[in-house]
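Please consult the sequence and the structure shown here alongside the text.

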Amino acid sequence: MSTSAPQRQLSTADERRRTVLRTAVSAFADRGYFGTTTTDVAKRAGISQAYVYRLFPDKEALFVAVVEHCFARIRESLGDGATTARGSAPKEVLDAMGDAYAQLIADRDLLLLQLHAQCAAAAEPAIREVVRTGYARLVEYVRGVSGAPEGDVQRFFAVGMLCHLVVATDAHEVDAPWARTLSEGLRHY
């Protein structure tokens, strides 16, 4: 009876791609699109830079994929929130989705990645397009699932943007009139 050493299982390209995307969220959250290199991402993922380029043709394609991944996580979170709504009235559904989003952005990496993507969108057409497309899909999803009128959907996203500011700057921890004004009524996790 022979005993053979256990075979090492190699990761598939899809598994490596998912790992690189998850790792790249953190790397780009730390230094943004312009301050992060593919070498930074490769080191964090434990792979070579050459392998990153086998998965993504360039840094822009990697960042675009990371932003798409981010929007998919937001969409999933909003969907999870909608299923926990106390009722089917638009306000109840929006409140539940807002609570789910507030929990999601407690992950500062995801929050910071969104902020960096919005900044990079101002200068990079491909990133602008992926951010526009991501928001277009989210707005249509929120509108469809909640049944809320235009103004309520707009306020939902406006409050989300305010949450970005409050959480990114830790304004909810500042004891000053301006911080209380911006933080009042927002959920934090």
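Ser77 touches Ala100, Tyr101 and Leu104, leaving out residues up to four places away in sequence; contact means heavy atoms within 4.5 Å. Ser77 lies in helix α4, where helices (H or I, at least four residues) and strands (E, at least two) are DSSP runs numbered from the N terminus. Ser77 counts as buried because its relative accessibility is 9%; the classes are buried under 20% relative accessible area, exposed over 50% and partly exposed in between, with a 1.4 Å probe and protein chains only.

Thr23 belongs to helix α1. With a relative accessible area of 14%, Thr23 is buried. Its contacts, not counting residues up to four places away in sequence, are Val41, Arg44 and Ala45.

## Basis of the model

The model is predicted: local features need pLDDT of at least 70, side-chain atom pairs count only at pLDDT 80 or more, and totals for chains, interfaces and linings use all residues. Residues are numbered from 1 along each chain as its sequence is written, and side-chain values use heavy atoms, with hydrogens and water left out.

## Overall architecture

The protein has nine helices and zero strands. Its C-alpha trace spans about 65 × 45 × 35 Å along the principal axes. Of the 189 residues, 40% are buried. Among contacts between residues at least 6 apart in sequence, 63% join residues at least 24 apart.

An unreviewed UniProt entry carries the annotation "domain: HTH tetR-type" for residues 14-74; positions are given in the numbering used here, feature names are shortened, and annotations may be inferred rather than shown by experiment. In the model, this span is 87% helix and 0% strand, and its end C-alpha atoms lie 21 Å apart.

## Nonpolar core

In soluble globular proteins, nonpolar side chains tend to be buried together. A nonpolar core is a set of buried Ala, Val, Leu, Ile, Met, Phe, Trp, Tyr and Cys residues joined through side-chain atoms within 4.5 Å. The largest one has 57 residues, and those with the most contacts inside it are Phe28, Leu62, Phe63, Leu78 and Met97. At least two residues of this core come from each of α1 (13-35), α2 (38-45), α3 (49-55), α4, α5 (90-104), α6, α7 and α8 (150-168). Helix α4 gives the largest share, eleven residues.

Beyond its neighbours within four places in sequence, Phe28 contacts residues including Val41, Leu62, Phe63, Val66 and Leu113.

## Cavity and pocket

On a 1 Å grid over the protein atoms alone, a cavity is a set of points where a 1.4 Å probe fits but cannot get out, and a pocket is an open set with protein on both sides within 12 Å along at least five of seven lines; lining residues have an atom within 4 Å of a point. Grid points are joined across faces, edges and corners, and a volume is the space filled by probe spheres set on the points. There is one cavity of 30 Å³ or more, and the largest cavity holds about 60 Å³. Its lining consists of Val67, Cys70, Phe71, Leu113, Gln114, Ala117, Gln118, Val131 and Tyr135. Helix α6 supplies the largest share of this lining, four residues.

The largest pocket has a volume of about 450 Å³. Of its 23 lining residues, Gly98, Arg155, Phe156, Val159 and Gly160 are the closest to its centre. Helix α8 contributes the largest share of the pocket lining, nine residues.
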